[in-house]
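Student: I would like to learn how to read the features of a model such as this one. Please give the general idea each time, then the case at hand.

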Amino acid sequence: MQDKNNFTIGVLSITATVLLVGVILTTLGGQNTVQAIGQTDRGGDYIVVTGQFTNSNELIYITDAAAKRLYVYGYDWNRRSLVLWDWHDLKRTFEHARGRGRR
């Protein structure tokens with residue numbers, strides 16, 4: 001019984017050591033930048049699109065089709081959160097476009 005416990009403890013110790021080395025190697029490799037330029041998704045009345053603003057800054061565009069509004073979010077590195085940059089009322093845009101088409 002004691003040999004079985006020692007074997008189990010040994011296997012767990014080796015596994016923990018291998019995992020620790022893996023974590024150390026992945027963190028020492030530097031910080032990789034993740035970019036999701038041009039990704040699109042749709043769910044219900046919402047359409048989400050990502051776009052590049054500058055070389056180091058991307059925006060998330062969320063269209064609410066039911067409310068006919070477009071919201072633009074950006075990541076604030078100081079707050080470490082998404083911040084609403086601006087929004088646009090698409091009803092006015094569509095009404096303006098319809099008005100021009102009738103002339």
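Student: Where is Arg-80 found?

Tutor: Helices and strands here are DSSP runs numbered from the N terminus (H or I with at least four residues for helices, E with at least two for strands). Arg-80 is found in the loop between β4 and β5, the latter covering 81–89. Before going on, note that this is a predicted model, in which local features need pLDDT of at least 70 and side-chain atom pairs count only at pLDDT 80 or more, while totals for chains, interfaces and linings use all residues. Residues are numbered from 1 along each chain as its sequence is written, and side-chain values use heavy atoms, with hydrogens and water left out.

Student: What is the phi of Arg-80?

Tutor: Most residues other than glycine have a negative phi. Arg-80 has a phi near 55°, which is positive, and it is not a glycine. Lys-68 also has a positive phi, near 55°, and is likewise a residue other than glycine. Lys-68 sits in the loop between β3 (57–64) and β4 (69–76).

Student: Is Arg-80 buried or exposed?

Tutor: The scale is relative accessible area: buried is under 20%, exposed is over 50%, and partly exposed is in between (1.4 Å probe, protein chains only). Arg-80 has 68%, so this residue is exposed. Lys-68 has 34% and is therefore partly exposed.

Student: How many salt bridges does the structure hold?

Tutor: The criterion is a side-chain nitrogen of Lys or Arg within 4 Å of a carboxyl oxygen of Asp or Glu. The structure holds one. Its partners are Arg-79 and Asp-76, whose closest N and O atoms are 3.2 Å apart. Arg-79 counts as exposed because its relative accessibility is 58%.

Student: How is a pair of aromatic rings described?

Tutor: By the distance of the centres and the angle of the planes. Rings of Phe, Tyr and Trp (its six-membered ring) pair if their centres lie within 6.5 Å; planes under 30 degrees apart are stacked, over 60 edge-to-face, and the rest tilted. There are two aromatic pairs in the structure. Phe-53 and Trp-85 make an edge-to-face pair, with 5.1 Å from centre to centre and 90° between the planes. Phe-53 is in strand β2 (residues 46–54) and Trp-85 in strand β5, so this pair ties together parts that are 32 residues apart in sequence. In the pair of Tyr-75 and Trp-77, the ring centres are 4.9 Å apart and the planes stand at 80°, so that pair is edge-to-face.

Student: Which of these rings belong to exposed residues, and which to partly exposed ones?

Tutor: Trp-77 counts as exposed because its relative accessibility is 61%. Tyr-75, at 32%, is partly exposed, and Trp-85 is partly exposed at 41%.

Student: With which residues is Leu-82 in contact, leaving aside its neighbours within four places in sequence?

Tutor: Contact means heavy atoms within 4.5 Å. Apart from those neighbours, Leu-82 is in contact with Ile-60, Gly-74 and Tyr-75. Leu-82 belongs to strand β5. For the whole protein, consider contacts between residues at least 6 apart in sequence: 7% of them join residues at least 24 apart.

Student: How far does α1 reach from its first C-alpha to its last?

Tutor: The expected span of a helix is 1.5 Å times one less than its number of residues. With 27 residues, α1 reaches 39 Å, close to the expected 39 Å. The number of buried residues in α1 is zero, so this helix lies largely in the open.

Student: Which residues make the nonpolar surface patch?

Tutor: A patch takes residues with over 30% relative accessible area and no salt bridge; like charges are joined within 9 Å, and nonpolar side chains (Val, Leu, Ile, Met, Phe, Trp, Tyr) within 5 Å. Areas come from the Shrake-Rupley method with a 1.4 Å probe; for residues, only the protein chains shown count as cover. Here Leu-20, Ile-24 and Leu-28 make a patch of about 310 Å². An α-helix has 3.6 residues a turn, so residues three or four places apart point the same way. Ile-24 lies in helix α1 (residues 2–28) and is partly exposed at 40%.

Student: How do the elements of the protein run from the N terminus on?

Tutor: The order is α-β-β-β-β-β-α, with two helices and five strands. Buried residues make up 9% of the 103 residues.
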